[in-house]
Amino acid sequence: TLPQEVPDDSIVITTYNVKSGQYGVGGIVQQLQASGSSVIFLQEVTPTVLDALASELDMQAIPGWTIENSKLTYGDAILTSLSVESTDFFRLPSGNLEQRGLLTATLESPVDGKQFIVADTHLTNEEMLLNGDKNAAVRQDQAEAILGDLKKLQEKDEPVILAGDFNVGTDSQVYDTLTKKYKDMVAKQLG
């Protein structure tokens with residue numbers, strides 16, 4: 001939940017798993033408009049849903065398709081009203097599971113004109129068996145790949161905002177790996 005008023009020197013960022021728009025785009029648009037976000041990370045988005053959201057929100061769309069074939073195009077995306085300097089897409093190790101990726105954009109801050117990097121991802125989901133999560137090792141490999149990919153992008157030690165659907169809680173190895181390098185701003189606000 002956002003405070004009633006966002007300070008002028010703030011950039012509001014939202015992450016949203018749209019689940020391919022299966023519950024309708026109208027409600028998603030209303031929620032995203034209400035957020036006042038200038039950067040929106042999307043997961044499980046299709047081209048049709050992305051185009052509709054970008055149009056309704058009057059934002060630039062940056063797609064990162066993890067699946068592209070004759071039956072389905074699907075993946076992550078970033079919507080933004082900020083100036084986009086560059087974009088990159090990295091395929092994450094996914095074994096024989098659904099391909100996952102890391103979509104990044106270097107943006108210019110409207111506050112001070114400095115560049116910063118935003119990164120959107122959707123890690124492999126949990127698959128619980130009697131002896132634990134069978135996909136935990138894949139997600140851990142993905143977290144380590146994210147750290148390596150982001151390190152390659154940070155030419156001038158630009159700030160990075162990493163968000164998405166990690167499919168883990170704060171008690172996981174993936175969380176520990178990512179928060180050794182990056183601060184969890186949500187946990188910081190709640191704590």
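Helices (H or I, at least four residues) and strands (E, at least two residues) are DSSP runs, numbered from the N terminus. The model is predicted, so local features need pLDDT of at least 70 and side-chain atom pairs count only at pLDDT 80 or more, whereas totals for chains, interfaces and linings use all residues. Residues are numbered from 1 along each chain as its sequence is written, and side-chain values use heavy atoms, with hydrogens and water left out.

Q: Which residue of β2 is the bridge partner of Y16?
A: β1 and β2 (residues 39–45) run parallel and are joined by five bridges. In β2, the partner of Y16 is L42.

Q: Is E44 buried or exposed?
A: E44 lies in strand β2 and has a positive phi of about 55 degrees although it is not a glycine. Buried means under 20% relative accessible area, exposed over 50%, and partly exposed in between (1.4 Å probe, protein chains only). Because its relative accessible area is 15%, E44 is buried.

Q: What is the phi of K19?
A: K19 is found in the loop between β1 and α1. K19 is partly exposed, at a relative accessible area of 36%. Although K19 is not a glycine, its phi is positive, at about 50 degrees.

Q: How many salt bridges does a search of the whole structure find?
A: A salt bridge is a side-chain nitrogen of Lys or Arg within 4 Å of a carboxyl oxygen of Asp or Glu. Among them is the pair R100 and E98, with the closest N and O atoms 3.9 Å apart. The search finds four.

Q: Why are D149 and K152 separated by about one helical turn?
A: The side chains of D149 and K152 meet in a salt bridge (3.5 Å, N to O). D149 is buried at 8% relative accessibility, whereas K152 is exposed at 60%. The separation is about one helical turn because the two are three residues apart in helix α3 (residues 136–153).

Key:
Two strands pair if DSSP finds at least two bridges between them.
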